[in-house]
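This report walks through one protein chain, from its overall make-up to selected residues. Please keep the sequence and the model at hand while reading.

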Amino acid sequence: MIHPDPTQFGHDPWWLMLAKALGIFVFLLLTVLTAILLERKILGRMQLRLGPNRVGPRGLLQSLADGVKLALKEGLIPAGVDKWIYLAAPIIAVIPAFMAFAVIPMGGEVSVFGHRTALQLTDLPVAVLYILAVTSIGVYGIVLAGWASGSVYPLLGGLRSSAQVVSYEIAMALSFVAVFIYAGTMSTSGIVAAQNDTWFVFLLLPSFLVYVTSMVGETNRAPFDLPEAEGELVGGFHTEYSSLKFAMFMLAEYVNMTTVSALAATLFLGGWHAPWPISIWEGANTGWWPLLWFTAKVWVFLFLFMWLRATLPRMRYDQFMRLGWKILIPVSLGWIMIVAATRVLRDYGYQGWATGLIAAGIVAVLAVLLVGWRTLHARKVRRTPEPPVQAAEPGAFPVPPMPVKEPADA
């Protein structure tokens with residue numbers, strides 16, 4: 001299989017590279033504004049209410065009004081904060097969120113004013129590892145925000161977020177290994193090219209399920225939104241933030257949601273390739289059409305985020321960490337061994353054995369996930385022996401049994 005050469009990127013004219021970078025920035029901003037509005041409307045419909053319906057026609061300008069409101073609010077800096085780190089934390093959180101999208105392929109080659117260029121800013125031989133590295137930096141903004149606020153609750157929210165990201169990034173990275181084995185490359189454009197015939201969601205279903213679970217935990221979204229648990233930690237790590245600084249944290253959250261959704265579409269759903277039966281049309285994967293298919297796949301995962309928020313209750317922290325360390329990571333390691341063995345069998349011509357092995361592996365992994373999920377939600381009821389109830393004398397007022405006092409030491 002011939003993969004695109006990542007070294008072909010970076011040779012466009014400077015104005016074209018600048019235009020593509022600006023296009024990615026505008027795409028993410030519009031996606032965030034639309035996602036906030038649609039999330040409020042979808043949650044409203046799922047909860048039998050209307051949602052935003054006042055600002056603009058049918059409430060379509062609500063996100064814009066919220067952005068203007070946050071920009072015009074007074075930016076307060078509480079007393080006792082570490083000022084420079086307090087101000088730098090939102091910037092550290094939001095910049096890596098935009099940087100990760102630089103290696104996401106959004107389409108094939110198109111013609112822009114006579115220049116042939118790919119709908120991708122750049123690519124690297126280790127592009128997926130670059131995304132992991134950049135998104136890992138974003139958690140420093142959350143931790144520093146909690147520490148610099150000079151308050152107990154933001155600090156606790158920041159520590160929870162750091163433990164959460166470390167736990168679920170391991171499972172997320174392990175889910176990528178099976179994709180690397182099958183695609184033979186870590187380049188994002190090469191992974192999309194490897195799915196020209198069959199999407200990896202069908203070949204590597206357990207990896208896909210592990211990734212989808214990990215991406216929800218990675219972005220601190222419900223039911224894994226423990227760093228921002230309003231009932232326990234007030235507002236989490238951004239309790240002491242307001243105005244544009246708070247808006248930057250919200251922007252980083254939704255951009256990260258878009259990034260992990262785009263990465264899921266790239267690694268498992270064929271990237272910008274058209275879905276069946278649209279792919280039967282010869283021109284489906286040419287021109288600007290792939291940008292439409294890619295955007296639709298991203299919105300499928302964004303809708304999944306919103307659906308989970310409206311459906312599932314927040315997990316306990318011990319359940320959440322147990323899911324990551326005791327279920328997702330062991331399942332990912334076992335699945336990697338199965339995929340590696342399957343790849344070797346196919347390379348040596350044992351196609352039937354390889355197909356049977358991967359089918360058995362999928363069944364085994366799904367069975368383990370089911371058993372783990374049931375075990376995770378099983379209620380452990382401790383039964384303590386009740387003291388015998390003494391019969392009350394006729395006419396006497398009933399009193400509960402008194403505890404037996406141990407004799408005092410002499």
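Where is Phe113 found? Phe113 is found in the loop between strand 1 and strand 2.

## Basis of the report

This is a predicted model, in which local features need pLDDT of at least 70 and side-chain atom pairs count only at pLDDT 80 or more, while totals for chains, interfaces and linings use all residues. Residues are numbered from 1 along each chain as its sequence is written, and side-chain values use heavy atoms, with hydrogens and water left out.

## Overall make-up

The chain has 13 helices and two strands. Both are DSSP runs numbered from the N terminus: helices are H or I with at least four residues, strands are E with at least two. Of the 410 residues, 45% count as buried. Buried means under 20% relative accessible area, exposed means over 50%, and partly exposed lies in between (1.4 Å probe, protein chains only).

The accessible surface of the chain comes to about 22300 Å². Carbon and sulfur atoms hold 68% of that surface. Areas come from the Shrake-Rupley method with a 1.4 Å probe; for residues, only the protein chains shown count as cover. Among contacts (heavy atoms within 4.5 Å) with a separation of 6 or more, 78% come from residues 24 or more positions apart.

## The hairpin

Strand 1 (residues 109–112) and strand 2 (residues 115–118) pair in the antiparallel sense over four bridges. Pairing requires that DSSP finds at least two bridges between the strands. The two strands form a hairpin with two residues between them. Phe113 sits in the turn, with a positive phi of about 50 degrees. Phe113 counts as exposed, at 75% relative accessibility.

Glu109 stands opposite Ala118 in strand 2. The side chain of Glu109 also meets that of Arg116 in a salt bridge (3.9 Å, N to O). Arg116 is exposed, with a relative accessible area of 52%.

## Salt bridges

Side chains of opposite charge can pair when their charged atoms come close. Here a salt bridge is a side-chain nitrogen of Lys or Arg within 4 Å of a carboxyl oxygen of Asp or Glu. By this rule the count comes to nine.

Arg221 and Glu39 form one of them, at 2.5 Å from N to O. Arg221 lies in the loop between helix 8 and helix 9 and Glu39 in helix 1 (residues 14–46), so this pair ties together parts that are 182 residues apart in sequence. Both Arg221 and Glu39 are buried. A network of salt bridges links Glu39, Arg221, Glu253 and Arg309. Elsewhere, Arg316 forms a salt bridge with Asp318, with the closest N and O atoms 3.0 Å apart. Asp318 is partly exposed, with a relative accessible area of 35%.

## Loop residues

Asn220 lies in the loop between helix 8 (205–218) and helix 9 (230–233). Asn220 counts as buried, at 5% relative accessibility. Its side chain joins that of Ser161 in a polar contact of 3.4 Å. Such a contact is a pair of N or O atoms within 3.5 Å; within protein, one must be able to donate a hydrogen and the other to accept it, and residues adjacent in sequence count only if both atoms are side-chain atoms. Pro223 is found in that loop between helix 8 and helix 9. A cis peptide bond joins Ala222 and Pro223, with omega about 5 degrees.

Ser149 lies in the loop between helix 4 (127–148) and helix 5 (152–183). Ser149 counts as buried, at 2% relative accessibility. The side chain of Ser149 reaches the backbone oxygen of Ala145 at 2.6 Å.

## Nonpolar surface

Val55, Leu60, Leu61, Leu64, Val68 and Leu72 make a nonpolar surface patch of about 560 Å². Patches are made of residues with over 30% relative accessible area and no salt bridge: like charges are joined within 9 Å, nonpolar side chains (Val, Leu, Ile, Met, Phe, Trp, Tyr) within 5 Å. Leu72 has its place in helix 2 (residues 62–72). Leu72 is exposed, with a relative accessible area of 70%.
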